[in-house]
Amino acid sequence: MSTSAGAAPPPGSIAPVARLTGVGYEINGRTIFAGLDVTIERGKVTAIMGPSGTGKTTLLRLITGQVRASRGRVEVNGQDVGALDTDGLYRLRRGMGMLFQNGALLTDLDVYENVAFPVREHTRLPEPLVSRLVLMKLEAVGLRGAARLRAAELSGGMARRVALARAIVMDPQILIYDEPFAGLDPIALGVVLRLIRETNDALGLTSIVVSHDVREISLLADWAYLLSGGTVIAAGTPAELDHDASPAVRQFMDGLADGPVHFHYPAPDYAAQLLDREVPA
Amino acid sequence: MSLFGEVIGNGRAVLAKSGSFTLFTLRLLQVTPKALRRWRLIVDQVYNTGALSLVIIMLSGLFVGMVLGLQGYDLLQRFGSTESLGVASGLALLKELGPVVTALLFAGRAGTALTSEIGLMGATDQLSAMEMMAVDPVRRVCAPRFLGGVIAMPLLAGIFSMVGIFGAQLVGVTLMGVDAGQFWSQMRGAVELKDVNQGILKSCVFGFACSAIAVYEGYHALPTAEGVGRATTRTVVSSSVAVLVLDYMLTAVLL
């Protein structure tokens, strides 16, 4: 059985990596979060799931300090993210790696230089060492042979794998994945799934994975939060969520169009609009 | 909204934008010492903004010089002093046309390229990715491009003026029959070092303004195709106006 909405994972002796308490966030007058409570446990793979537009990526941006909460507190490694200045945020982010939805590779660099980028920016390692680091990470994602391809020459799935190599090249403590499974073929999907799990366990990292993919999350995550309507509607292990009987959870887990979560964006009455030949404003 | 309210609103928007641009420029200057340590990035940008603009600069310089030769000859022959064509075209190119036309061409060619490149980097999350890697995009992306433009502009203006003088000589001496010795000797006698320095100073100021505007607009472009397009247009318009206004101010001060 899943825990109550917003509840933290089973208590451990180690302090959580991130804790969001009563977080509110609005953009252009639209409320994205209203009293969000999320705890990310150290050493675990935590999944953030939910329908499109529920603010999953925004949640990641709050954790990384790319946006600031209007209310509540966002804590990462015990630091109040909202109170950090730019230098403080950069210090915090040095311990993080993030895989963006579209890869966000630097288009003026090739694959090798993209992966080497954070190493070159933050260290003065000799070139042979940089080369070994980069090749090891590229080998892990199966793209060592594509090292000299330009970012523009890669398919979407390949770009995502390069971005994954870049995210892990500095061996961060926290790895954040925004939709890591989108656009991957079944082979690459399996490799990425295994890579996230193995990287997390072997290096003792903490991983936060934002995804819609229920099947992949059930294979990967230790704990999952289901977001909807600006708050957490369910939390638990993937198995617990799978057996949760509440309508909103069932609608998401079973992929149903009808349920408490509206598929349609709020609109005037359909028939009336068609008959009136009204043009949407 | 009343006309008065609209004027107030627009005035506020202009002030806000000016303030934002000033703060951004100060930030660029603040990170410049760190950016200078990565000189290879700046050399790349001098190549991108300078070397890749050479063809258009040289071609424009040649034709501007040739037109200057024709018009100058037509004007000077009315006073019977066609031998002064070298001085007239030399001073016009070195003090005015070289820096100003180069800056306008730079804004159209290199400025738009800078804005759209940085704008697209924003639209494709590349700048966010850098921030997430604890790398300041202003230092890593904007400052080298800004410095590259500042360095490239005086070089381009110098090349423009040289090719322009050659164009004026081509038309004046070869086509219209002005004496080559008089053309060059009068120019050498009348054009002083301060005239050359004035042109260099102007092109440095224009390079600063055009490059700062281009990277500012790119960095603050809305992350959409339309947003990047609008930012690119703003770069050309703002840079062109800035160049002409600054040219008047500098000329008034330096004369």
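How many residues does helix α5 of chain A have, and what does the helix reach from its first C-alpha to its last? The legends below describe a predicted model.

**View 1. Helix α5 of chain A, residues 156-168.** The helix has 13 residues and reaches 19 Å from its first C-alpha to its last. This is close to the 18 Å expected at 1.5 Å a residue.

**View 2. Surroundings of α5(A).** Of the 13 residues of α5(A), 11 are buried, so the helix is largely enclosed by the rest of the structure. Among the buried residues are A:Met158, A:Arg160, A:Arg161, A:Val162, A:Arg166 and A:Ile168. In chain A, the buried residues pack against the strands β6 (96-99) and β7 (174-178). They also pack against the helices α3 (111-122), α4 (127-140) and α6 (186-203).

**View 3. Contacts of A:Val162.** Leaving aside residues up to four places away in sequence, A:Val162 touches A:Gly103, A:Leu105, A:Val111, A:Asn114, A:Val115, A:Val141, A:Leu143 and A:Leu154. A:Val162 is also one of the residues with the most contacts inside the largest nonpolar core.

**View 4. The largest nonpolar core, with 138 residues.** Besides A:Val162, the residues with the most contacts inside this core are A:Val209, A:Ala224, A:Leu226 and B:Cys210. Helix α4(B) supplies the largest share of the core, 17 residues.

**View 5. Crossing of helices α4 and α6 in chain B.** The axes of α4 (residues 85-123) and α6 (residues 137-175) come within 7 Å and cross at roughly 145 degrees. The crossing of α4(B) and α6(B) is right-handed. By class, their contact has 20 nonpolar, eight polar and one charged residues.

How values were computed. Residues numbered from 1 in each chain as written. Chains lettered and ligands numbered in written order. Predicted model: local features only at pLDDT ≥ 70, side-chain atom pairs only at ≥ 80, totals over all residues. Axes fitted to C-alpha atoms, helices over the stretch in contact; angles between N-to-C directions. Helix = DSSP H or I, 4+ residues; strand = E, 2+ residues; numbered from the N terminus. Left-handed = near helix turned anticlockwise from the far one by under 90°. Nonpolar A, V, L, I, M, F, W, Y, C, P; charged D, E, K, R; others polar. Core = buried A, V, L, I, M, F, W, Y, C linked by C-beta atoms within 7 Å. Buried ≥ 20, exposed ≤ 12 C-beta atoms within 10 Å, placed from the backbone. Contact = placed C-beta atoms within 7 Å. Expected span 1.5 Å × (residues − 1).
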